[in-house]
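Colleague: I would like to learn how to read the packing of a helical model from its atoms, one feature at a time. Could we take the general idea and then the case at hand?

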Amino acid sequence: MPLTKEKKKEIIKKFGGSPQNTGSPEVQAALLTERIAQLTAHLKTNPKDRVTERSLILMVNHRKKLLNYLKRKDIQRYRKIVKELDIRK
C-alpha cells in the first residue's frame, strides 16, 4: 500500500520545511522510513512474499546511502534526522 497524499505532504512539510522542498536528503529518508515501516508490517503477515522482501532491502540500502551522504556533508543535519526518525545508527 503506497503512502497517501496527505501523509506524504505531512512528512515533506515536517522534514523539508516547505511543500516544495521534496529533494532534500532528510525528506527522502523520512519518506523511505515510512514506506519501510509499511513493508515491514506487510512482511510480518506475509512472510513468503519474496518480491516485497527484495523491495524492502533495496529501500533500506537506498536510505542508508542517503544518510551516509548526509553524514559526509553535514553531520549536524545527519544527527538531527537520525534522532527524529528514531533510526539506530
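Colleague: Let us begin with a helix contact: which residues in H3 meet which residues in H4?

Modeller: Please keep in mind throughout that this is a predicted model. On the H3 side the residues are Leu67, Leu70, Lys71 and Lys73, and they meet Ile75, Arg77, Tyr78 and Ile81 in H4. By class, this contact of H3 with H4 holds five nonpolar and three charged residues, with no polar ones.

Colleague: How are the axes of H3 and H4 placed, and at what angle do they cross?

Modeller: The axes come within 6 Å and cross at roughly 140 degrees, H4 being the helix of residues 75–85. An angle counts as roughly antiparallel only over 145 degrees, and H3 and H4 are therefore oblique to each other.

Colleague: How does that reading go for H2 and H3, and at what angle do they pack?

Modeller: Helix H2, residues 25–45, packs against helix H3, residues 50–73, at an angle of about 155 degrees, and their axes are 9 Å apart. That angle makes H2 roughly antiparallel to H3, and the crossing by which H2 passes H3 is left-handed. Among the H2 residues in this contact are Pro25, Glu26, Leu32, Ile36, Leu39 and Leu43, while the H3 residues that they and others meet include Thr52, Leu56, Met59, Leu66 and Leu70. The contact of H2 with H3 has 13 nonpolar, seven polar and four charged residues.

Colleague: Is the crossing of H1 and H2 left-handed or right-handed?

Modeller: The crossing of H1 and H2 is right-handed. These two helices pack at an angle of about 140 degrees with their axes 9 Å apart, which makes H1 oblique to H2. In H1, Lys7, Lys8, Ile11, Ile12, Phe15 and Gly16 take part, and in H2 their counterparts are Glu26, Val27, Ala30, Leu31 and Glu34. Sorted by class, the residues of the contact of H1 with H2 are six nonpolar, one polar and four charged.

Colleague: How should I read a nonpolar core, and which residues have the most contacts inside the largest one?

Modeller: The general idea is that, in soluble globular proteins, nonpolar side chains tend to be buried together. Here the largest nonpolar core has 15 residues, and those with the most contacts inside it are Phe15, Leu31, Leu67, Ile81 and Leu85. Helices H1, H2, H3 and H4 are the elements that give two or more residues to this core. A second, separate core of seven residues includes Leu32, Ile36, Leu39 and Leu66. For Leu31, once its neighbours within four places in sequence are left aside, the contacts are Leu3, Lys8, Ile11 and Ile12.

Colleague: Is Glu26 buried or exposed?

Modeller: A residue counts as buried under 20% relative accessible area, and Glu26, with 11%, is therefore buried. Glu26 is found in helix H2, and beyond its neighbours within four places in sequence it is in contact with Phe15, Leu70, Arg77 and Ile81.

Colleague: How far apart are Tyr78 and Pro25 in sequence and in space?

Modeller: Tyr78 and Pro25 are 53 residues apart in sequence, and 9.3 Å apart in space from C-alpha to C-alpha. Tyr78 lies in helix H4, and with 7% relative accessibility Tyr78 counts as buried.

Colleague: Finally, what should I make of backbone angles, and what is phi of Asp86?

Modeller: As a general rule, most residues other than glycine have a negative phi. Phi of Asp86 is near 60 degrees, a positive value in a residue other than glycine. Asp86 is found in the segment after H4, and with a relative accessible area of 68% Asp86 is exposed.

Terms used
Residues are numbered from 1 along each chain as its sequence is written. This is a predicted model: local features need pLDDT of at least 70, side-chain atom pairs count only at pLDDT 80 or more; totals for chains, interfaces and linings use all residues. Side-chain values use heavy atoms; hydrogens and water are left out. Axes are lines fitted to C-alpha atoms, for helices over the stretch in contact, and angles run from 0 to 180 degrees between N-to-C directions. Helices (H or I, at least four residues) and strands (E, at least two) are DSSP runs, numbered from the N terminus. Angles under 35 degrees count as roughly parallel, over 145 as roughly antiparallel, 65 to 115 as roughly perpendicular and the rest as oblique. A crossing is left-handed if the near helix is turned anticlockwise from the far one by less than a right angle, and right-handed if clockwise. Contact means heavy atoms within 4.5 Å. Ala, Val, Leu, Ile, Met, Phe, Trp, Tyr, Cys and Pro count as nonpolar, Asp, Glu, Lys and Arg as charged, and the others, Gly among them, as polar. A nonpolar core is a set of buried Ala, Val, Leu, Ile, Met, Phe, Trp, Tyr and Cys residues joined through side-chain atoms within 4.5 Å. Buried means under 20% relative accessible area, exposed over 50%, partly exposed in between (1.4 Å probe, protein chains only).
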